[in-house]
Each structure stands twice: as C-alpha cells, then as structure tokens.
Amino acid sequence: MFDCHMHTSFSTDGLMDAEEACEAALKLGLEGIAFTDHLDHDYPGPESFLIDFDKYFRQMSSISKKYADKLKILTGVEVGIQPHVIYESSDVISSYPFDYVLASVHIIDRMDPYRGEFYKGKTKLEAYSRYLEEIYYMVCNLKSFDMVGHFEYITRYADYADMTLRYADHTDLFDMIFKKLIEHGRGFELNTGTFSKSPAVADYDIEVLKRYRDLGGELICLGSDAHRTEHIAARFHYFLQLIQEAGFRYLVHFENRKPVFHKI
Ligand SMILES: [Zn+2]
Ligand SMILES: [Zn+2]
C-alpha cells in the first residue's frame, strides 16, 4: 500500500523529517509514500505555509535515491486553494516536476476551520455546504491537479452533535463535484488521519464513496495526513475494507502526475 499524504518539516506544522518518515513507512511494510508538503498562498494568520521548492526537490531526490531499492518515494504537494490564489498556485504547480498534486481547501471566507470561528453562527448544514461550495469552485477552476484532499477536513474541528459529513445532506454539491472530477479523470483521497483521533469525532459515510463510484469514478487513494511518524498509514486496514465494500477494486497513487492502479 501507498500512503499518499504526509508532511515533513518542510511544512510549517510538520514534525518529522523525510528520512524518519521513510524509516517508519518501511517498518509498516508500505510499498511507497507520497510527501505532500503544504503550499498555501495567502494563508490568513501569523503562520506561513510556503516552501522553498528548489530545496524541497533537492532533498526529495537525494532521499529517493537512498531508499531506491526499498521504498517508492513520490514528491508531491498539497496545495491549499482559495479562489483568489488559483493563478499563483497554478504557476508553482507548472514550474516543478511533481509526481502528485493534491488540491485541498483549508480556508473558507478567510477562515481556517481549525480555529473554530468558521462554525460560529452556522448550522452544520450551512457550514459543511459552504465548505463543499469552495471545493466545487476549486475543482471547476484549478486546471492542474490530481486528487481532492480531505473532504473530511470540515468535520475535524466542528462541534455539532453529529459531526459526520453525509452524502445525503449534500447530494447536489457532491454530485456536482464528482461529475466534474470524473469528467477530468480525477478522484479524491480518503483522509484516514481525520478518523484516527481518539475519541473519534466523526464517522466516514460510505455513501460518499458509493455515489462517486455509481457516477463512474475510479480514482481513490489513501492518505494519512501524518505530520508525525506515529500517524503514518493510520487506520489503513479499516478504510481499505470500506473502500472494497463500496465496490472499488483498485486504489491509486500518482507518479509523474499519472495514476498507477493497484488491485485490492
Ligand atoms: Zn490539508
Ligand atoms: Zn495535509
């Protein structure tokens, strides 16, 4: 299996270096990993989520060589999209030889749900719909990316009685997003890290996967979103079963921006 989403110390919030991540992945028996450090242009707040990509690629290239016969190492990026940063984000995406571009929404209306204020005065339906609207905007307007990151991000910091993001509550938005993804041969990740907190805050609604598949979607990958070694491949076996139960027969990872399918 591949863990297609993790952060090293190149990310402002990353707590492991790339080599520690590789060692941990080897111990877990993974076949490969994709580093997806953060690029968030115009992040509202004191932190900066920008990367020196020349340095990043130098390090990734040397570490890939070091582990060449043991672990496939893919150099990706998690690009955080807000409507007004699409142009400069696209510029970076086209300027470097990424294996994988994971496109995520971290900021909605200049607020990161991480800080909680985004949810204030909003019902769960309103908050989650607004998040999915921003993802829809992203999938329609960002021209070059491979997969959508963590639909589940919006559930992580919410404080509702039932935090699960359900297909049935947002059928139109999910369908619009899925149709657009499928039209361009794209898919989305299942972000297992979101569900590995104890106690778990939300469940994963299998209907999300089933609907994407019913509409013809085929590209699903697993990503832990690990920022430290203990979280790599978190709950992969559970979610692999769930993906199979939803009818998928393959998982993907990306190399040179092309999907590589693995039978499951
Ligand atoms: Zn993210
Ligand atoms: Zn991430």
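Biologist: What do β1, helix α1 and β2 make together?
Modeller: They make a right-handed β-α-β unit. Keep in mind that this is a predicted model.

Biologist: OK, and which sense do β1 and β2 pair in?
Modeller: Parallel, over three bridges. β1 covers residues 2-6, and β2 covers residues 32-40. If you want a spot to look at, Asp3 stands opposite Ile33 in β2.

Biologist: Is β1 mostly covered or mostly open?
Modeller: Mostly covered: five of its five residues are buried.

Biologist: Now the helix in that unit. Which residues of α1 are buried?
Modeller: Ala18, Ala21, Cys22, Ala24 and Ala25. Look down the axis of α1 and those buried residues fall within an arc of 165°, so they line one face of the helix.

Biologist: And what covers them?
Modeller: The cover includes both strands of the unit, β1 and β2, along with α2 (53-66) and β3 (72-80).

Biologist: What follows α1?
Modeller: Gly29, and its phi is positive, near 80°.

Biologist: Let's jump to α8. Which residues are buried there?
Modeller: Phe236, Phe239 and Ile243, in a helix that runs over residues 236-245. Seen down the axis, they fall within an arc of 70°, so they line one face of α8.

Biologist: Which exposed residues does the face turned away from that buried side carry?
Modeller: His237, Gln241, Gln244 and Glu245.

Biologist: So what covers the buried residues of α8?
Modeller: Among the elements doing that are β6 (187-191), α7 (206-214), β7 (220-223) and β8 (250-255). Just after α8 you'll find Gly247, with a positive phi of about 105°.

Biologist: Switching topic: which residue other than glycine has a positive phi near 55°?
Modeller: That's Arg235. You'll find Arg235 in the loop between β7 and α8.

Biologist: Why does Arg235 count as partly exposed?
Modeller: Because Arg235 has 19 C-beta neighbours inside 10 Å, and a residue needs 20 or more to be buried.

Biologist: What about Asn256, where is that one?
Modeller: In the loop between β8 and β9 (258-263). Asn256 isn't a glycine, yet its phi is positive, about 50°.

Biologist: Is Asn256 buried or exposed?
Modeller: Exposed, because Asn256 has 10 C-beta neighbours inside 10 Å, and the exposed class takes residues with 12 or fewer.

Terms used:
Residues are numbered from 1 along each chain as its sequence is written. Chains are lettered from A and ligands numbered from 1 in the order in which they are written. This is a predicted model: local features need pLDDT of at least 70, side-chain atom pairs count only at pLDDT 80 or more; totals for chains, interfaces and linings use all residues. Helices (H or I, at least four residues) and strands (E, at least two) are DSSP runs, numbered from the N terminus. Two strands pair if DSSP finds at least two bridges between them. A crossover is right-handed if, with the strands pointing away from the viewer, the path from the first strand over the helix to the second runs clockwise. The arc is that of the directions from the helix axis to the C-beta atoms. Two residues are in contact if their C-beta atoms, placed from the backbone, lie within 7 Å.
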